Amino acid sequence: MTNDIADSIAPSHTAGLKKIALNFLGITIGALIMAIALENVLIPNQLIDGGVTGIAMMISHMTGLSLGLFLFILNVPFLYFGYKQIGRSFAISVTYGIVVLSLATTFIPHYGAFTNDTLLATVLGGIMLGIGVGIAIRAGGCLDGSEILAITFNKKSPFSVGQIILFMNLFILGSASFVFGLDRAMYSLIAYFIAFKTIDLVSEGFNQTKSIWIISDKPDLLGEKIMYRLGRGVTYLNGRGGYTNDEKQVIFCVISRLEEAKLKSIVKEIDPTAFLAFSNMSEISGGNFKKQDIH
């Protein structure tokens with residue numbers, strides 16, 4: 001009996017390690033693509049990204065110090081927020097992504113600008129940024145602390161995460177006009193919107209929020225774990241199987257895009273046979289889409 005149990009655990013353990021390795025590989029690839037976009041496309045043309053990365057680029061330009069240094073220093077405070085708001089595994093992923101991005105921008109070979117055409121650099125830089133960030137998000141990571149900060153502010157403000165991120169980035173990109181000039185700030189704004197749209201494409205339509213439908217044989221335990229470990233409220237709906245005619249409880253939950261990987265992990269841990277259906281949401285009105293404390 002003991003051997004049978006060990007044999008059943010070993011494959012799942014191996015699959016879990018493989019999943020973790022693939023996630024970190026995805027974050028690594030995403031960070032490297034983003035680093036190339038920054039060092040070989042945007043920076044040589046005096047264009048910036050949004051979020052914490054944009055602030056780091058402006059400070060690096062004004063001080064002449066390494067961009068990687070400021071990317072790491074400015075993102076460090078958000079690691080704590082990531083741990084408190086989304087959980088330890090996400091904080092580890094963010095830390096890893098930021099470290100790789102910081103090191104890559106410092107040590108990556110600098111062959112000069114891929115292009116000196118400002119419009120072409122805007123488009124190419126935006127696409128490369130979107131691809132890099134999108135791959136990292138799809139792997140359950142994050143390469144910029146601004147989204148974590150937005151989730152934190154979202155708990156105590158009437159604005160959505162997307163609105164907070166947009167406001168912060170408009171302010172940051174607007175500040176670039178004082179550092180690089182108005183025309184470069186406007187090109188940077190275009191690059192930001194291109195990157196934003198590319199992230200959605202790479203991440204298979206990731207929006208700021210998703211609605212989740214879960215059919216499980218352990219609805220009470222699963223719902224409790226989601227509320228306890230993810231900080232999101234759940235709603236139980238009564239349902240009946242069309243083929244089996246069995247009574248079922250359906251769990252409905254709304255989460256942010258950064259929480260999808262964590263929710264999948266919770267569901268797989270509690271009930272690997274559970275049925276999940278994800279749907280993108282363009283807008284949420286009413287109710288109380290606020291995160292509670294997590295553990």
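Author: A salt bridge is a side-chain nitrogen of Lys or Arg within 4 Å of a carboxyl oxygen of Asp or Glu. The model here is predicted, so local features need pLDDT of at least 70, side-chain atom pairs count only at pLDDT 80 or more, and totals for chains, interfaces and linings use all residues. Residues are numbered from 1 along each chain as its sequence is written, and side-chain values use heavy atoms, with hydrogens and water left out.

Reader: What makes Lys210 and Glu260 a salt bridge?

Author: Their closest N and O atoms are 3.9 Å apart. The limit is 4 Å, so the pair counts.

Reader: Why is Lys210 called buried?

Author: Buried means under 20% relative accessible area, exposed over 50%, partly exposed in between (1.4 Å probe, protein chains only). Lys210 has 5%, so Lys210 is buried.

Reader: Why is Glu260 called buried?

Author: Glu260 has a relative accessible area of 9%. That is under 20%, so Glu260 is buried.

Reader: What makes Arg229 and Glu269 a salt bridge?

Author: N to O is 3.1 Å. That is within 4 Å, so the pair counts. Arg229 lies in helix α9 and Glu269 in helix α10, so the pair ties together parts 40 residues apart in sequence. Helices are DSSP runs (H or I, at least four residues), numbered from the N terminus.

Reader: Why is Glu269 called exposed?

Author: Glu269 has 52% relative accessibility.

Reader: Why is Lys264 called partly exposed?

Author: Lys264 has 42%. That falls between 20% and 50%, so Lys264 is partly exposed. Salt bridges that share partners join Lys210, Glu260 and Lys264 into one network.

Note on methods: Helix = DSSP H or I, 4+ residues; strand = E, 2+ residues; numbered from the N terminus.
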